[in-house]
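Open the model in your viewer and keep the selection tool at hand. The tour moves from one selection to the next and says what is there.

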Amino acid sequence: MKKINQYIETVFTEQDSVLEGVISSIEEKGMPSISVSPSSGKLLTMLVSVAGAKNVLEIGALGGYSGICLARGFNSPEGQLTSLELEEQYAELAQSNLTKAGFGEQVSYMTGAALENLGKLAAENRKFDFFFIDADKVNYENYLNGCLKLAEPGALIVADNVLARGTVADDAAETSRHTEVMRAFNQVVANHPQLESLLIPIGDGLTVSKVKN
Ligand code: SAM
């Protein structure tokens with residue numbers, strides 16, 4: 001899987017000084033190096049653009065790498081990204097990086113536990129046409145249910161790290177909590193009556209689910 005990913009990155013992604021700046025800023029702050037891979041980021045941009053999404057909800061901002069990739073997919077300056085992030089300090093860095101990338105007016109951050117903020121967005125009757133789930137893995141299924149309450153018909157819901165570094169495909173006897181959580185999530189999205197889903201094995205794996213009309 002690592003070799004295939006390296007091949008994809010080499011052939012299909014280019015050097016990107018804006019995103020490299022985000023990675024450096026994360027390292028400088030001593031934050032974890034767990035942004036999406038360049039190829040996953042490129043896929044996010046393409047999906048937002050092809051879907052013509054105008055209201056994107058991200059769960060898990062870190063330093064703004066995936067936020068920039070999502071915002072790059074907007075087909076017009078009216079596109080809006082709402083991003084939920086637990087850590088105030090991370091959201092501040094992400095806001096600064098989105099501003100440097102030219103998307104400062106198109107992003108807003110809600111800090112604190114994402115589950116609480118999903119509830120607030122539902123109470124405000126907010127609607128979104130694209131979701132990106134990339135926060136604490138144990139809550140993925142809860143996040144999926146929260147996103148479904150906020151989803152326009154036909155919305156896309158994308159979730160990262162669903163391959164758990166390839167371990168989801170290992171012998172079922174050799175398992176960790178993380179692997180089990182991702183296997184269970186994959187089963188839920190694959191069999192959900194409201195979703196049409198597929199797993200795309202780039203980066204650490206992304207599920208892409210379309211909310212049925
Ligand atoms: N999507 C980011 C990117 O690619 O640039 C990376 C996100 S990182 C893998 C996961 C993020 O989720 C971290 O910034 C972490 O603080 C945040 N997070 C963890 N638990 C959370 C929670 N309960 N609510 C909101 N955010 C949470």
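**Confidence first**

Colour the protein chain by pLDDT, the predictor's confidence in each residue, from 0 to 100. Confidence is lowest in helix α1 (residues 2-12), with a mean of 93, and highest in strand β1 (residues 55-59), at 99. The chain has a mean pLDDT of 96, and 100% of its residues reach 70 or more. Helices (H or I, at least four residues) and strands (E, at least two) are DSSP runs, numbered from the N terminus.

This is a predicted model, in which local features need pLDDT of at least 70 and side-chain atom pairs count only at pLDDT 80 or more, while totals for chains, interfaces and linings use all residues. Residues are numbered from 1 along each chain as its sequence is written, and side-chain values use heavy atoms, with hydrogens and water left out.

**The sheet**

Select the strands. Seven of them form an open sheet with mixed pairing, in the order β3-β2-β1-β4-β5-β7-β6. At the edges are β3 (107-111) and β6 (195-200), each of which pairs on one side only. From one strand to the next, the twist averages 15°. Two strands pair if DSSP finds at least two bridges between them.

Now zoom in on β1 and strand β2 (residues 80-85): they run parallel and are joined by five bridges. Select L57 and find T82 in β2 opposite.

**Helices on the sheet**

Next, select helix α3 (residues 38-51). This helix lies across β1, β4 (128-133), β5 (151-160), β6 and β7 (206-211), and runs at about 175° to β5. Helix α5 (residues 88-100) packs on the sheet too, where it touches β2 and β3, and its direction makes about 175° with that of β3. Axes are lines fitted to C-alpha atoms, for helices over the stretch in contact (heavy atoms within 4.5 Å), and angles run from 0 to 180 degrees between N-to-C directions.

**A pair of helices**

Select helix α2 (residues 17-28) and helix α4 (residues 65-72). Their axes come within 9 Å and cross at roughly 155°, so α2 is roughly antiparallel to α4 (angles over 145 degrees count as such). Show the side chains: V18, L19, V22 and I23 in α2 meet Y65, I68, C69 and R72 in α4.

Finish at T207, in strand β7. Is T207 buried or exposed? T207 is buried, with a relative accessible area of 3%; buried means under 20% and exposed over 50% (1.4 Å probe, protein chains only). Beyond its neighbours within four places in sequence, T207 has contacts including I157, V158, F185 and L198.

Notes. Parallel < 35°, antiparallel > 145°, perpendicular 65-115°, else oblique.
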